[in-house]
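Dear colleague,

Here is the structure I promised to pass on to you, and below it I have written out what was found, so please keep it open while you read.

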Amino acid sequence: MSTVIDKAPTVFAPVETGRRPAAAVLALARFEARELLVQIPVFFFLLVYVGTTAWKLFSPREDMNNYPILHDVDRATQPGTLLLAVAAFICVNVAALRSRRHGTDRHFDVLVLEPWRRTVAHALSVVPLAAVTALGAAIEFGWAALKPGAVGHGSVAELATGPLVVLLSGVLGVLIARLCPRLAGGPLVVVVGFATLMVVSSVVGQTHWLTWLHPVVSETSNNPIPSDLLGRPAAWHALYLVGLSAVLLCVAALVSGGRTRLLKAITVVALGAMVTGIAGQSPGDDAALITARTKASSTPAAFQSCVAHGRSTYCSFPEWTGWRDDWEKVVDRIQDLAGGGAGGAPLTIRQRIPVVHQLEGDAAIEPLHTPGEVTAGTRWGGNRVPEFAVGVASVLVAGDEQAVSKMCDARVVTVMWLAMAAQDDPMTAFRHVRLDDSLSGSAVALAPTNPVGMSAEQTRIVRALLGRPLYGVTARVKAHWTELTSPRTSEARVAELLGVPAAKNGTGAGESCQK
Amino acid sequence: MPEVGAAYARVRALLPPLWRALPWRVLGAAGGSATALPALARLVSGGHDTAFALILLRSAEVALALGLAFLLDDPARHITVAVPTRRVLRNGLRLALVVPLVLLCWTVALLLVPGEIRPPAGDVGLEAAALAALALTGAAAAVRFTDEPQPGAVVAATLLAVTVLETLLPERCTLFVDVADPGWAAAHQRWAVLLLLTVPMGAALLPERIRRRRALAWTHR
Amino acid sequence: MTTAPTVSASGLTLRYGGTAALDDVSLRLREGITGLIGPNGAGKTTLLRVLATAVPADRGAFAVLGHDPGTTAGRQEARRRLGYLPQNPGFHLDFTAFSFVDYVAILKELTDRAARHREVRRVLEAVDLSDVRGKRIKRLSGGMRQRVALAAALLGDPGLLLLDEPTVGLDPEQRMRFRELIAQAGESRTVLLSTHQTEDVAMLCHRVIVMVRGRIHFEGTPAELTARAAGRVWSSAERDPGARAGWRTGLGTFRNVGDPPRGAALLEPTLEDGYLLVLDGEPAEVASL
């Protein structure tokens with residue numbers, strides 16, 4: 001060629017970037033995370049999660065929410081996150097199969113970033129979603145912790161479980177995508193996995209170590225116990241979840257062809273972490289814990305501190321000291337309404353827990369036989385307040401809790417009026433404290449220990465009394481206190497003493513004593 | 001009538017290749033797991049209850065429905081879009097080929113559950129039918145409203161997400177109730193309503209559109 | 001030409017969201033091969049899909065061999081008379097080439113088994129796939145698969161053949177082979193060939209349509225398109241800043257298209273030069289060439 005080129009062609013030197021695969025993996029993970037968060041299922045499930053959490057927080061019906069027990073609240077955050085876990089599984093699975101679906105894998109597989117690193121990036125893309133879950137759990141817990149009535153101690157490991165489960169299911173989604181690249185794989189695996197899990201757990205029953213292999217172990221009970229008696233291996237479980245996620249991620253990377261020394265080392269470490277976690281969470285409740293639970297149930301005094309306020313003494317487990325003032329208010333109001341010696345009788349309010357064999361389920365608390373000692377539960381707010389009031393009033397009238405069980409005469413009227421009249425809204429409290437939420441007929445009224453049986457006539461009298469001005473009834477109660485608290489007084493006499501007209505069709509005396 | 005004869009000949013010629021073109025792997029996996037899951041109830045010994053069998057049968061229902069979500073996938077869609085054989089005929093024949101197999105699968109699954117713990121067959125069958133109809137309607141909608149040759153994966157994922165969401169519904173409008181639940185009959189009325197709603201909707205979605213976005217086309221007139 | 005047009009369309013409009021994939025397109029196609037060229041996103045594929053009855057248009061009407069695809073019956077009749085090779089044909093990969101084409105033949109209502117198999121063998125022969133007709137499609141190369149799709153389009157000797165970028169991704173030899181096939185196919189029917197290859201158009205087509213942004217910007221013979229660039233192509237030693245487009249050739253000199261300066265050394269225009277000038281006013285597209 002004879003043409004003289006008078007200007008050298010411009011050649012752009014390739015930009016020297018160096019090889020930093022980790023940075024590339026992170027960049028890809030960030031990209032995939034952004035894609036993930038705008039997926040409709042993820043977005044929708046996120047919306048539902050936020051909605052249900054907000055509903056739990058702001059729901060007006062549960063007054064008990066004002067008195068949260070933080071070491072129960074922490075694990076109550078877990079089941080809700082399963083929603084996001086399912087969404088994460090499906091969407092990460094679909095995303096990891098995207099390039100296969102669109103036939104770009106043949107192209108991408110020869111790019112600088114190896115397939116296994118892309119696998120890792122897909123798994124890491126769940127991290128922001130897990131972070132959102134963590135934020136949700138933190139808000140739910142923080143909201144409860146900021147309530148003035150909050151007691152107990154939350155556990156970080158319990159709070160971390162929800163986000164870790166989201167992470168785990170995302171990693172599982174990637175692994176399934178790599179193991180069975182057919183698009184049908186993901187959803188079908190979820191269904192088959194769910195059913196298999198149900199079968200396995202029904203076959204092995206409630207074995208402790210197998211139960212704890214589940215991602216979420218939510219043992220819920222209506223009777224919270226002190227946090228040091230819970231004995232939930234939450235930290236080990238979190239380690240197990242982290243280890244399991246890492247192991248699954250490493251398997252996914254190995255399946256996609258990763259063979260670097262670092263990856264193998266991480267696999268070994270992750271396996272170690274998982275095994276340690278399993279080993280740590282597997283042993284059931286040890287003997288010392290069971291003994292401690294039994295003792296805390298039978299002789300709670302040894303674990304408690306007491307404080308004397310006015311006429312009475314208030315004893316609670318260390319974590320519940322904040323509620324003593326609330327108890328005192330109720331006790332004082334009842335004693336102000338009572339007459340005779342009961343108005344000034346010194347009471348001991350004793351917080352108690354039932355015998356705990358396992359965390360799940362409800363057990364009843366046996367009534368005390370010490371005179372003047374009243375049981376308080378480990379929950380407060382809502383219906384627990386009038387229930388406690390029934391307990392206080394019945395001890396004031398009958399002497400001790402054991403005697404209350406045998407109380408099936410007109411004293412019930414006095415007890416129920418005392419307990420309900422001390423409430424802010426007596427009629428509503430009366431309705432709710434009765435097991436069938438009724439205002440007429442015979443029913444059982446709840447108390448911290450044994451319930452109190454009410455006949456239809458007693459119900460009628462109490463209802464009539466609650467409808468009248470407080471001062472009038474109080475004066476009559478104080479004036480006839482001895483007769484009103486005597487087991488020999490008839491219902492008709494009680495009605496007469498308190499100024500309630502007799503029933504038209506006579507009285508069903510002793511109706512509540514049939515049992 | 002020559003048209004009837006021609007149509008019959010066409011259908012007869014169409015059946016073998018359609019049979020071969022069905023997404024067998026997915027259908028096989030779904031059918032296999034749908035029969036294998038209830039078989040577990042027989043395999044594992046011990047006094048299991050109806051609730052246990054119900055969980056397995058419901059898993060089988062969902063598995064079958066997930067498989068059916070792939071039924072209308074056609075990798076060669078872009079080629080077959082311009083043929084004179086209508087889509088409603090092609091997809092209807094696919095359905096006709098698969099429905100007996102699905103019924104067989106379901107019967108086997110039902111029979112594999114020991115009789116003494118088997119939930120009411122009719123009611124559970126209704127659930128299965130409604131879920132299957134929902135999956136097929138989803139697939140028909142995906143085929144009609146997108147150009148995607150294989151929308152099954154997305155339909156299946158959506159179906160699963162909907163199923164999971166449904167289990168979270170409040171008790172008075174949920175579909176998956178326990179056998180012992182007093183709301184069993186009411187829930188199955190809801191299942192029946194779901195089935196009655198989805199079947200005509202799915203049928204309406206099967207044919208190709210002759211007009212595109214009628215409302216929009218109108219505004220341009 | 002005096003024959004009735006195979007396809008006559010008027011006012012075809014199709015919008016996806018806010019963008020018009022087709023904007024008031026009217027055209028007539030007659031026997032022979034018509035090339036359809038235009039930049040990416042010009043609406044070529046959409047036009048072919050509308051003509052293939054794969055997607056209805058929002059507005060406008062068209063007829064294929066006298067049948068109106070706007071009605072169900074008319075669409076059936078139109079589909080009986082057209083062959084369509086889509087841009088990304090998908091395949092049932094487990095089928096053999098023969099069984100796949102046979103499957104499409106059944107869908108094209110060729111029900112008589114012996115006649116249908118004869119027809120399938122004929123089209124496979126026409127695309128030179130007789131040797132591999134027993135092979136599964138997943139074992140065939142990209143070029144062979146493309147020919148399977150062409151064979152499927154040729155089934156039943158359709159009066160209208162719509163080919164959407166059939167030579168994309170083929171090697172030069174395969175492309176030559178494909179050109180022969182298309183040329184043969186266009187001897188006795190109407191072919192609309194969408195392509196990015198201006199040499200395909202130059203070699204094969206008796207008419208050419210240039211589409212830009214959903215509209216037809218040129219319709220005429222390849223010679224007429226080439227003539228658009230007459231006197232507007234010149235060579236220079238340096239890149240000419242006044243040129244619409246210019247590139248250095250293998251000779252070391254620059255070939256410029258646009259409005260030449262006085263006394264420039266004019267060159268013989270090609271069809272591509274004419275195409276570039278039709279795109280004039282679409283700066284982004286020209287710059288990307």
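In this predicted model, helix α7 of chain A passes helix α12 of chain A in a right-handed crossing. Two packed helices are described by the angle between their axes and the distance between those axes. Here α7(A) covers residues 115-124 and α12(A) covers residues 234-255, and their axes come within 8 Å of each other while crossing at roughly 150°. Since angles over 145 degrees count as roughly antiparallel, α7(A) and α12(A) are therefore roughly antiparallel to each other.

The next thing to look at is the contact between chain C and chain B, to which chain C gives 36 residues and chain B gives 28 residues. On the side of chain C that touches chain B, the elements giving two or more residues are α2 (72-80), β5 (82-85), α3 (97-107) and α5 (142-154), and of these α3(C) gives the most, with 6 residues. That side of chain C divides into 17 nonpolar, 10 polar and 9 charged residues.

Finally, the domain assignment of chain C gives domain 1, running over 7-225, and domain 2, running over 231-268, and the centres of these two domains, taken over C-alpha atoms, are separated by 37 Å.

With best wishes

Key. Residues are numbered from 1 along each chain as its sequence is written. Chains are lettered from A and ligands numbered from 1 in the order in which they are written. This is a predicted model: local features need pLDDT of at least 70, side-chain atom pairs count only at pLDDT 80 or more; totals for chains, interfaces and linings use all residues. Domain bounds come from an automatic or database domain assignment. Two residues are in contact if their C-beta atoms, placed from the backbone, lie within 7 Å. Helices (H or I, at least four residues) and strands (E, at least two) are DSSP runs, numbered from the N terminus. Ala, Val, Leu, Ile, Met, Phe, Trp, Tyr, Cys and Pro count as nonpolar, Asp, Glu, Lys and Arg as charged, and the others, Gly among them, as polar. Axes are lines fitted to C-alpha atoms, for helices over the stretch in contact, and angles run from 0 to 180 degrees between N-to-C directions. Angles under 35 degrees count as roughly parallel, over 145 as roughly antiparallel, 65 to 115 as roughly perpendicular and the rest as oblique. A crossing is left-handed if the near helix is turned anticlockwise from the far one by less than a right angle, and right-handed if clockwise.
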